[in-house]
Amino acid sequence: MGWEALGQWGDDAARIGPLAGGVANDVWSVHVRGRLAVGRLGARSDADLAWETGLLLRLDREGLSVPVPIPTTDGRLFADGLVVMTYVEGGPPETEADWRRVADVLRRLHLTTAGWPQRPGWRSSTDLLHAEIGTKIDLGAMPPEAVARCRAAWARLVGRRTCVVHGDPNPRNIRITADRVALIDWDEAHVDVPDLDLVLPHNAADLDSGAHDIAAQASAAWEAAVCWDDAYAIKRLAQVRAV
C-alpha cells in the first residue's frame, strides 16, 4: 500500500519531510492528530513489527524513554508495514558524562528484558556458531575465512546471559536532554549478550579490559556480518583478529 496507509491514523495524517532512516526503511516526520510524529515504512513482517512495538510499549511502561507507537484509529500498532511513533527531542551524546548516562540506560534496558523472546527470524551471535542465516545475516555470502573469524569472536560469548540489546547505540540513535536519555531506531534490536551494547566511547560502561576486548571483537564481527560486503563491513572485519 505504501504511504497511503498513513490515512489509517486519521483524516489529518500527513507527511511533512524525510528523515535519515538508513537503507532498510523510508522514514518521515509526519503530522498525526495535531502533533509531530515519525512514520517508518518498511518491509518487515507483521510478526517482526509486533515484537518491536510490543517491546517499545513495555519499555515505556517501565519508564525508559523510547519512541512510543501511536495506534491507528482502530487501535492497531502498525498497518501495511507502516509504524507511527512519537517524536523524540534531544541531541546526541558529546561528553564522557553523556556516554555514562547512555550506559546506565542501556543497562536498564538489559535488566528489564531478561528472558525476552527472540525477535522473529533473528539469531543471536552465539546462535550463528551453528546457523548460517538470521534476518540480515547470511554467513554463506561471506568468505569462509571471514566466517571463521566472526565465529571465533562470538564463541567467546558462549554461556553468557541474554536479553534485548538495542543493537546500534551510535550517536544518531540517542537523544539526550538535561533530564533524560532516549534510545531511538530499534531496527537492529534483538536478543543477544548485553555487553554487545556496551562497547561505548570512553569505555563509559566501565568494562574491564578482558570483557571489553571480548565485546569489541564480537561487536565488530556482528557488524561485518550484518552489512557484508560494503566498505564498512570490510573495515569492521579487519578489526576482528584472525583465527
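User: Which residues of α4 and α5 meet?

Analyst: In this predicted model, S219, A220, E223 and A224 of α4 meet Y232, A233, R236 and L237 of α5. To count as a contact, heavy atoms must lie within 4.5 Å.

User: What classes do the residues of the contact of α4 with α5 fall into?

Analyst: Five are nonpolar, one is polar and two are charged. Glu and Arg count as charged, and the contact includes E223 of α4 and R236 of α5.

User: Why is α4 called roughly antiparallel to α5?

Analyst: The axes of α4 and α5 cross at roughly 155 degrees and come within 8 Å. Angles over 145 degrees count as roughly antiparallel, so that term applies to α4 and α5. As for handedness, the crossing of α4 and α5 is left-handed.

User: What makes α3 oblique to α4?

Analyst: Helix α3 (residues 144–155) packs against helix α4 (residues 209–226) at an angle of about 140 degrees, and their axes are 8 Å apart. Roughly antiparallel needs an angle over 145 degrees, and roughly perpendicular covers 65 to 115. The angle of about 140 degrees therefore leaves α3 oblique to α4. The crossing of α3 and α4 is left-handed.

User: Which residues make the contact of α3 with α4, and how do they divide by class?

Analyst: From α3 come C150, A153 and W154, and from α4 come Q217, A218, A221, W222 and A225. By class, seven are nonpolar, one is polar and none is charged. Ala, Trp and Cys count as nonpolar.

User: Where else does α4 take part, and with how many residues?

Analyst: α4 gives the most to the lining of the second largest pocket, with four residues. That pocket holds about 360 Å³ of space and is lined by 18 residues. P169, L196, V199, S219 and E223 are the lining residues nearest its centre. Of these, S219 and E223 also belong to the contact of α4 with α5.

User: How does the lining of the second largest pocket divide by class?

Analyst: The lining has 10 nonpolar, four polar and four charged residues.

User: What kind of peptide bond joins W228 and D229, and what is its omega?

Analyst: The bond is cis, with omega about 10 degrees. D229 sits in the loop between α4 and α5 (231–238).

Terms used:
Residues are numbered from 1 along each chain as its sequence is written. This is a predicted model: local features need pLDDT of at least 70, side-chain atom pairs count only at pLDDT 80 or more; totals for chains, interfaces and linings use all residues. Side-chain values use heavy atoms; hydrogens and water are left out. Axes are lines fitted to C-alpha atoms, for helices over the stretch in contact, and angles run from 0 to 180 degrees between N-to-C directions. Helices (H or I, at least four residues) and strands (E, at least two) are DSSP runs, numbered from the N terminus. Angles under 35 degrees count as roughly parallel, over 145 as roughly antiparallel, 65 to 115 as roughly perpendicular and the rest as oblique. A crossing is left-handed if the near helix is turned anticlockwise from the far one by less than a right angle, and right-handed if clockwise. On a 1 Å grid over the protein atoms alone, a cavity is a set of points where a 1.4 Å probe fits but cannot get out, and a pocket is an open set with protein on both sides within 12 Å along at least five of seven lines; lining residues have an atom within 4 Å of a point. Grid points are joined across faces, edges and corners, and a volume is the space filled by probe spheres set on the points.
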